[in-house]
Structures are given as structure tokens and as C-alpha cells.
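Keep the 3D view open as you read.

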Amino acid sequence: MTKYLRLLAIQMRISIASAIAYRANFIIEGVMSAAWLGLTLFPLVVLYDERKSVNGWDLPSALIVMAYFTALRALLEGIVSPSLTALVEKIRDGSFDYVLLKPIDAQVVVSASRYEPWKLFDFAGAIAIAVYAFVKRGYAPSGGELALGLGMFVAGTIAMYSLWIVCAAASFWVGRLDNLMFLLGAIFDTARWPIAVFPGAWRFVFTFVIPVAVMTTFPAMALLGTLDARTIAATVGGALLMLVLSRLVWRAAIRNYTSASS
Amino acid sequence: MITATDLCKHFKVHKRPPGFAAALKSIVSRKYEIVKAVDGVTFKIERGERVGFLGPNGAGKTTTLKVLSGLLHPTSGEVLVEGFVPFERKPELLRKITLVMGQKSQLIWDLPPSETYAMNRAVFDVPKDQFEHTLKELTELLELGDLVDKPARQLSLGERMKCELAAALLHQPTTLFLDEPTIGLDVAMQVAIRDFVRSYNQKHEATVLLTSHYMDDVVALCPRIIVIDQGKLIHDGDLRQLIKARDPDKRVSFTLASVVDDEALAKLGMVMAKDGKRVTLRVTERELPGVIGELLGTMKVLDLAIEDPPLEDILRDMFGKAKRESKPVVATSKDAS
Amino acid sequence: MRSTTVRTIRALPTLLRIGVAETVAYRAEFLVWILTTTQPLIMMSLWTSVARDQSFHGFTSAAFVAYYLSNLIVRQLTGNWVAWQMMDEIRMGTMAMRLLRPIHPFFAYVSSHVAAIPFRTLVALPLAVILLVTSGADNLSHDPVQLAMLPISIGLAWLLTFAILFAIGSLAFFMTQTMALANLYFGLYALLSGYLLPLALMPRLAAVAAWLPFRYTLDVPVLIMTRTMSGEELAGLLGRQAAWVAITLFLALQIWHAGVRRFESVGG
């Protein structure tokens, strides 16, 4: 266990060192982060400029969903995406073989191998949005709601990670998969909206087929105190199930790789 | 100890003929072909041996190494490395072996090798003092100097290879799989690496399996060679014995003071090559003393060399023969020096 | 100079054929690429839901459907990835190889992208049919002259998108952070071209967008498809589109040449 932690620490150190090596990064990334946040909020502003509420979701509650989305996206673009891109590169140039030769679990090492530390800006932005939303609402969440909101965020992160690992595992079979990641990113993009704003059929898809609702809408509802116990249980259970399934897919991918690569 | 019993590894390869129509068709249906990369190979290697795998391109050498190191699992047959089944990739085994691929790098490209070493140390869980001791030893033997502090992409091919070797040996493995480690390197570097591998083998009693296109690597380093062609093992044994078995005749090369006609030369032995005054004859061992005597007695000779036939010729002949006969010739011998 | 042009033209069929072969070589990826531009569909479901009971800024649900499906069709046909391709090649060093070939890389890139168009048309076509069936008369333009101009507008939009991305890709000769720039471009594009939201929903922004090239990469063809307009308006839009194409192509090639000069002096 300590071995893995030490390894993670080294990988983080290396990533941060490379990131800091370019001083211009700091400014560029800060600007990009702010710009992206602005862009994200635009459709929301356009929507709520004309309507007071959509299917029971008013501006502050929609902003909470947006805050969760931004935080999740920060994790995605900060850790998951860079690491899995590195994985696809390794598979392409054949140096993934060396990962398999090391006495460590390949999935763990590969999932957190590369970081984009500047995505912390986005995290800060997410918190800022959430604070603003509650200010606009007029009251703060209770301690219980805060704890639940945090717990559900973890579940949402697990769900997101599982989807991406399955995608990365697919790259073993198919080779070049930047586009699948892009597709997943596009679908993930729907998470910025409360799923209630989508018509019925989509709501079903986004809850059960590609659990986007698990990632942002349910955590937002938890923080707002409108989530019932049954949904909480289903969400947590669902996230864990996704994790297990993604692990199985990963193992199958490795088995396939070790029988097909010449 | 490494054992392979009737090892087979087959691949499914997608075949597509050229042309536009075929390209479109391949969206819906694809034709697959089975390639038998390794087809029934059996051998046994003891601890501390240095064994060279020889064979033409696509013979199955790299595939065999990959199966032995656990990167591929066999289609059929049994493989055991130090008592473990390689493709189960048990950590205990992974700590004992190492694979170096001359064409692929494990060094992190944008960073100095020292960072890769730090990673490997964490991965293999090497205690600090052991790590520093090993690193010092490797730095000396490989003459790394301050190379380890330069980003890997700034190193020349030879420098990078040395750093790769160090990275691969930090955990002091006892079995080394080297897949074309000297490819693309200049002669001096090739010699340096050969010397290093030999001394590592002697010092740590490490088993070394080497594949290489360069005959010199194998001749200099490996007393025992295994020849693989088209997935089949066609020779396993001592190098000198192989040469003796396949082509026992000697090659006598000399430079004449003045040109001699072919007839006179043919009386001495079969003329292999003649370039003005430089001649190479093929002579059986039995006739050798007589021929040398006659040569020195009747002709004016400026220099003289008596050699075994070149390994390339023997192998080329073997591979060609294997294609024609498709019957493996196995002569096993157990004395490794 | 003339012989280079002739050689380029002669090589085009081969370049195109290989472009197709490359596209097809990875079956799954190719399919996925076709599916990637899903953002308009998601937006569409959102806004049709919002406008179901009450129209939004003058857009009915059906109008939104017409808008976003047109959006999707144009996006499919103008989609471009040359900036990423160039960034990759410069980073990996394979750009040096490309520069050694007697065909100007611009044309090589163009042909590999053009080669993908037939396949994208295969996706766009069913969408076009759905569009016709679901949107009804009010939300699509019927003017034959206007529709005849549509392919031209789409062609210009394609060229404009390509030129912009080619310029961004060329910047990779100068800087390492071109990825951030490409992302910035995409963000601006999403907002100012009508990709994310119809420009009509954001009047103040639309005024700014009118002065920028982005709307000519998507919004203009979509307008031609969904709104009946006067001959003058049509001519004006097309004219400005063509002007932007000319300006951007010129700038892009300038950046390219400067980049290659730098590349050749600094080394790969």
C-alpha cells in the first residue's frame, strides 16, 4: 500500500515539476480556466434570463449542478484524462509492455500517471459558483446536507472514472481512441444541466444507461436537501457497480493485449 | 532455470488487399489469417547460462522472449521461468526478471533518466541503501557519468541504451531478457554493452537470453545458441559445435605476391573467392596441413589466415535449408563455458 | 512552379485514395468520429423541452429542431482536425518528413480531410431526411436559388474552418502551448458560430459575432437552410463569407511559411 502511495507521490511530483517548468503556463491556464467558466455559464444565463424556472429547477439550483459539473470536470481534465491519454500513447508506441513487466497493478499506476495541476483553478471556480448560488438562494446548506453532498460527489467521481477506464480499456482493442474519449467528453457535457430539463426519454438514458445524473444532478439534489434515501442508496450502489464492471473490462482488455500483441 | 515445452504462439492477422473497393469492403467484413510465430519450441536453460537466439526477421525470437517474460500468453505448450508461469505475472517473478527491448524505451522521454530510476525504485520497492549501491555500481560499469541528469530525449542512441540498461537492472534481476539491445549502436558501444552484460552475468550469476541480428554480439557473448526459423527450433547447442557440424571445412585466406592461375589454386582446394592476388580457399581439416605446406612451399605468400567459415553463411544456408526440407535439426549439447 | 501544380493535381487521386484507406483502417474510431459531434443533439433536446409549452425568444420547439439538425449537418460536413494533426506531427518530428515531399503539405492535409467527406455525407444524409420530415415548411427555407447557394456556402465554411485550424496548427512551429490555443478557439467557435446556441438568442453577442469569422463557419449555412432571406441579404452573407475565406487563407499561409522558415533554421 505504501508502495503505491510513494509511487503516486513521485508521479505527482514529476507532473508538477513539468508543469512549473513553463512559467507562462500559470497565466495561460488561469485565463483559460476563467474563460471556460464564462463559456459554461452562458447558456445558463441565456436560459434563466427569460424563464424563472425550468421543470422545477431555478437558477441557483441549476448553478449548483453547474458547480458539481465544473468540479468533476476539473478532476477529469486534471487527472483522469491526462493519465489515460498517456496510456493510449504508451500502447501506441509499445512501451506499455514495460508497465506490464513491473510488479504493480497496471490499472492503478496508469490511472494517475499524469496530472495537470493548473486544473485546480477550475476547482476553485466550482466552489465560487456554489457559494454564489447559495448566496442567491438566501440560505446555506446544513452540515448534513454538506456531508451528503460531498459523499455523493465521491460517488459521482467513481462513476465518471469507471466510464473513462472502460473507454481506455477499449483502446487496447481498437488502437487509436482519442475520438472515443472525445465522444465520452461530449456526453459528459450533458452533466452540466439538471437532467429534469431533458425530455423523458433522455432522462432515462442519462440515469440508467450513461449515468450522467449520478455525476451531477443527484449530488446537487443532495446538497439542496431534496434527495430521498432510496435514490442515495441506488446512486452509491450504482457507482460501486460501475467500478466493479470497469475493473472486469480492464482485466479483459489486458488479457486480450497479452494474447494479441506481437 | 527456464523451460519451454512444445511452445506455440499463433496470431490472428487481418489481411487486406490494396485498392479502394477492398478498403470499403473491410468496413463490414474482414479476412483473418493465422500466423504461427512460434510453432512447437522446446528447450531448457540453466541458471547462469548465456544463450543467444538467432534467426532471420520474423522467425519468432522476439515472440519467444515476450512469452518468457509474461507479456504474451502461449497458444499452447508450457513455459516455466524460475518455477513460475510467466503470464500469471506474479510480483515475485517480475522482481526477478527484466526485459530490455532495443527498439522500445522505458525511460520517460522528457525527463532525466534519474527520474525513471526513482520511479522504478518505488515500483520495485528497493530499499534506499541497496538502490544507491546498485546505482553506483551500474554507473561505474556503464560509465554513465552525468548522463542520468539530462532529459532522455537529448541523449544519443548509445547513451540512451546505457541508461536503459541501468533502469532495467536497478532491481538486480537474476534473469535478463535482452531483445536486440545493440541495435543501431556503433561498434564501440556494442562492445561496451557486451562487456557489461558478460560481467553482470558473471558477477550476479544471472541468466542471459539475448536476441540479436549482429552475429558479433552472439559470438562474443553466448557460448550456446538457439536457432529459430519460421517458428521452429532448428539448432540448440554450442556455437563452435554448430559450425563444426554444419561446415567442418576451414577457410584459408591469403594474399599472393604474384597472380597464380586458377588451375594451380584448384589443386590445393576449392576456390571460394578470388580478387586479383587475394584468394580464399575451402579446405577440409584433414587436408589442411598438407595444403598449407604446399602453399608455402610452392607459392610466394604475403599473408595467411586460417578461419572457421563465417557464421552468416552457415545460418543463411540453414535457413534456406529449413525452408526446403522443413525438418528441424536439433543437436543439443550441455557444456556452457 | 507550374510543374509542382501539375504534380500536385496528378497526385490528388492517390492522396485521396490513401486518405480514405486511412480513415477506414480503424473501423471503430471512424464510427466514433462520426458520432462525436453530438453537442447539437443534446442542446436540441434541452431547448425543445424548454420551448415545448411556450416558445423561447421566438423559437418554437420545431424551430429548434430545424436549427440544431441543420447545425449538425453543417458541422458534419465542415468538421476538421488539421490543427491537432499538425501539432502531433511537429511534436513527433514527422513534420520534417512531410516537408521533404514535393507536395505542399497544405494540399496533403486538404486531401486527407476531403477524403473523409464522402463518409460524413453518409451520416449527414439521413439527418437531412429527418430534418425535412420533422421540421415542416415554416422552419426551412424553400427558395430554390437560396438552396442552390447552400453547397457553395458550406464549401466556403469548410475552407474557412480549415484555414483557421491550419493557422493554429502552424503556430505549433512557434509555441508549445498550441493545444490551449486550439481549445480557446473551440470555445469561441462554440459560442460565436451558433454551434452552442442560436445567435438570435444572444442579441448583444450576435452584434459582436457579426464582425468575427466564426459565424461564417456555421451560422451562415444554417441560416440559409432555415430562414428565407432576400437576394441582397444572401449575396451579402456569401460575399462576406468569401472575403473571410480569402483573408484567413492568406494569413494562414503567411504563418505557415514563417513557421517553416523557423523550423528549418532551428531544426526538428
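Of the 337 residues of chain B, 37% count as buried. The model is predicted. Along the principal axes, the C-alpha atoms of chain B fill a box of roughly 70 × 55 × 45 Å. Chain B holds twelve helices and 13 strands.

Now turn to one sheet. Four strands of chain B form an open sheet, in the order S11-S12-S10-S13. Their pairing is antiparallel. Strand S11 (270–275) and strand S13 (301–307) of chain B are the edge strands, each pairing on one side only. From one strand to the next, the twist averages 15 degrees.

Look inside that order. Strand S10 (residues 250–256) of chain B and strand S12 (residues 278–283) of chain B run antiparallel, joined by six bridges. Ser253(B) stands opposite Thr280(B) in S12(B). Helix H11 (residues 288–298) of chain B lies across S10, S12 and S13 of chain B. Its direction is at about 5 degrees to S10(B).

Finally, the contact between the chains. Chain A gives 21 residues and chain B gives 25 residues. On the side of chain A that touches chain B, helix H1 (2–21), helix H4 (96–100) and helix H12 (229–260) of chain A each supply at least two residues. H1(A) provides the largest share of that side, six residues. By class, the side of chain A that touches chain B has nine nonpolar, seven polar and five charged residues.

Methods. Residues are numbered from 1 along each chain as its sequence is written. Chains are lettered from A and ligands numbered from 1 in the order in which they are written. This is a predicted model: local features need pLDDT of at least 70, side-chain atom pairs count only at pLDDT 80 or more; totals for chains, interfaces and linings use all residues. Two residues are in contact if their C-beta atoms, placed from the backbone, lie within 7 Å. Ala, Val, Leu, Ile, Met, Phe, Trp, Tyr, Cys and Pro count as nonpolar, Asp, Glu, Lys and Arg as charged, and the others, Gly among them, as polar. A residue is buried if 20 or more other C-beta atoms lie within 10 Å of its own, exposed if 12 or fewer, and partly exposed in between; C-beta atoms are placed from the backbone. Two strands pair if DSSP finds at least two bridges between them. Axes are lines fitted to C-alpha atoms, for helices over the stretch in contact, and angles run from 0 to 180 degrees between N-to-C directions.
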